[in-house]
Amino acid sequence: MDKYILTLDQGTTSSRAIIYDQESNIISVAQKEFAQIYPEQGWVEHDANEIWESQLEVAVEAIKSAGLTWENIEAIGITNQRETTVVWDKMSGEPVYNAIVWQCRRTSDYCDLLIDSGLSDSIKSKTGLIIDPYFSGTKLRWILENIEGARERAENGELIFGTIDTWLVWKLTAGKVHVTDYSNASRTMMFNIHELCWDDEILETLNVPKAMLPEVKPSSYIYGETDAELFGGPIKIAGIAGDQQAALFGQTCFKEGEVKSTYGTGLFMLQNTGASPIESKNGLLTTIAWGIPERYSAADGAINKPEQPKKERKLSNLFGLLGGDDEEPKDPIKVTYALEGSVFVCGAVIQWLRDELGLLEKASDSEAMANSVEDSNGVYVVPAFVGLGAPHWDSHARGTMFGLTRGANKNHIVRAGLESMAYQCNDLLEAMSSDLGKYPETLMVDGGASANNFLMQFQADILDTEVIRPESVETTSLGAAYLAGLAVGYWRDLSDVDDNWKEGARFKPDMNRGKRDGLLAGWRNAVSRTLGWDR
Ligand code: ADP
């Protein structure tokens with residue numbers, strides 16, 4: 001019987017399910033959008049039940065539309081919108097409040113309070129994160145403080161917490177398994193990324209009962225099986241990673257120094273820093289990329305390829321699962337860290353030019369428009385619509401357009417919009433390289449806007465670095481598929497996975513230094529004028 005891996009890709013605006021074969025070809029895809037809830041300005045919520053129902057629906061649909069049954073699915077991998085916070089009753093399974101989404105700013109004041117109490121350094125050194133409403137910890141605290149009876153119920157052990165991966169695994173296993181993985185735990189601002197445990201001091205500060213928190217497991221591991229009723233029979237759940245970490249894995253950036261940039265609504269750059277968590281001095285976050293069994297690491301030459309045939313490996317994994325939690329793990333785990341830079345508005349600038357200014361009909365038109373002019377004619381767009389993220393971290397910056405002259409037309413403006421994505425990426429890579437003391441030789445790219453060849457060439461020119469786009473830019477779901485497939489022996493090890501990576505296009509830098517420096521000076525000038533605008 002043919003076997004496949006099913007990925008559940010639970011994103012911010014939609015739930016998707018994708019089925020992969022062993023060569024990482026996509027066999028089927030199903031997708032469903034769900035409601036965005038904005039109860040107040042700056043607040044963003046999702047209905048956790050709707051997330052679950054949409055995710056289950058697309059999973060069933062993806063299996064069915066490929067003409068498969070549960071028996072064809074070797075394992076499920078999960079990748080998810082990160083940081084989004086759910087609290088639910090562990091008996092009834094009912095969430096006590098909507099999921100509070102990563103974008104939600106409701107805990108800004110409380111975060112300011114934490115910063116004013118001088119906690120920034122200790123939180124950064126323990127969690128790798130800056131104190132910000134973005135992360136789960138203060139969202140969880142908000143629910144305990146603001147939902148009637150929640151604190152008491154949490155202290156009585158009735159309520160549990162999870163990010164979206166945890167919520168999905170709990171639902172998939174009909175409440176039997178309450179886990180997360182290292183990558184998701186590292187985004188909660190409650191997890192000590194060095195000691196690899198929930199941090200008691202931070203939990204005390206946030207007043208969060210530890211018993212609410214999920215057990216933290218490797219990113220590639222058999223966590224449990226789906227309830228047989230959901231798909232007609234049990235399927236192993238065997239991989240979990242937050243979306244950006246999954247993309248890094250899907251790009252097969254397994255070696256230290258390898259870096260990827262994802263051009264979606266926002267832009268997320270992650271660089272594998274190997275076994276060392278590097279603390280940034282330039283506004284980047286330190287995070288866990290993944291924790292996976294050491295024995296996968298044949299690709300980086302550190303560990304020899306295991307010689308076991310696939311079947312035996314499956315058994316040894318199962319044995320690992322059956323080993324009680326108090327026992328030493330059977331399978332030593334290697335944790336890999338990453339430096340991360342997040343830019344809030346990337347592809348969204350094209351959506352804005354399309355939807356608010358009406359300069360183009362569809363995002364992909366931007367490529368021909370940009371190519372129709374020699375340059376941006378001196379126009380710069382700084383898309384600081386919600387302030388600027390890394391490396392500037394200025395929530396008071398606002399969007400602007402500079403350099404307009406009588407000759408500036410819509411093609412110049414659209415081109416400047418695309419160029420702003422490349423400049424922001426350059427800002428991140430410069431910050432990262434300054435933290436690491438070295439510049440990468442190549443940049444791997446993915447995400448919706450990486451399809452734009454003009455943008456990718458301009459990116460290579462501005463970075464003066466080769467930009468490589470894989471054949472499939474669905475790296476997020478692919479990463480989760482790999483993590484799950486590795487745990488069940490569907491793929492042997494990292495080198496086996498690496499063999500599946502196919503280059504789609506390569507963009508070589510082709511701009512002289514004077515021109516590049518001039519363009520970058522203009523960008524820096526533009527950015528400096530947007531800072532602090534909304535004070
Ligand atoms: P997300 O996962 O964040 O929803 P995607 O990876 O699907 O985002 O990418 C969609 C974003 O990329 C949108 O903001 C869209 O404007 C932009 N985009 C899509 N195609 C292109 C293109 N060819 N050129 C420029 N931007 C694009």
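**An open mixed sheet and a ligand site**

Strand E2 (residues 14-20) pairs with E3 in the antiparallel sense through seven bridges; here two strands count as paired if DSSP finds at least two bridges between them, and strands (E, at least two residues) and helices (H or I, at least four) are DSSP runs numbered from the N terminus. Within this pairing, Ile19 has Ser28 of E3 as its bridge partner. The model is a predicted one, in which local features need pLDDT of at least 70 and side-chain atom pairs count only at pLDDT 80 or more, while totals for chains, interfaces and linings use all residues. Residues are numbered from 1 along each chain as its sequence is written, and side-chain values use heavy atoms, with hydrogens and water left out.

The pair belongs to an open sheet of six strands, ordered E3-E2-E1-E5-E14-E13, with mixed pairing. Strand E3 (26-33) and strand E13 (220-225) are the edges; each has a single partner strand, so one side of each is left without a neighbour in the sheet. From one strand to the next, the twist averages 25 degrees. Angles run from 0 to 180 degrees between N-to-C directions, and axes are lines fitted to C-alpha atoms, for helices over the stretch in contact.

Two helices can now be placed against these strands. Helix H6 (residues 164-172) packs on the sheet and touches strand E1 (4-10), strand E5 (73-80), E13 and strand E14 (236-242), contact meaning heavy atoms within 4.5 Å. The direction of H6 makes about 145 degrees with that of E5. Helix H10 (residues 243-250) lies across E5 and E14, and runs at about 105 degrees to E14.

A ligand oxygen atom is 2.9 Å from a polar backbone atom of Gly347, and an oxygen of the ligand is 2.7 Å from a polar backbone atom of Gly448. A ligand nitrogen atom is 3.0 Å from an N or O atom in the side chain of Asn452. Taken alone, the ligand exposes 580 Å², of which the protein buries 68% (Shrake-Rupley method, 1.4 Å probe).

Finally, two backbone details deserve a look. The peptide bond from Ala390 to Pro391 is cis, with omega near -5 degrees, and Pro391 is found in the loop between strand E19 (380-382) and strand E20 (400-402). Leu196 has a positive phi of about 60 degrees although it is not a glycine.

Notes. A polar contact is a pair of N or O atoms within 3.5 Å; within protein, one must be able to donate a hydrogen and the other to accept it, and residues adjacent in sequence count only if both atoms are side-chain atoms.
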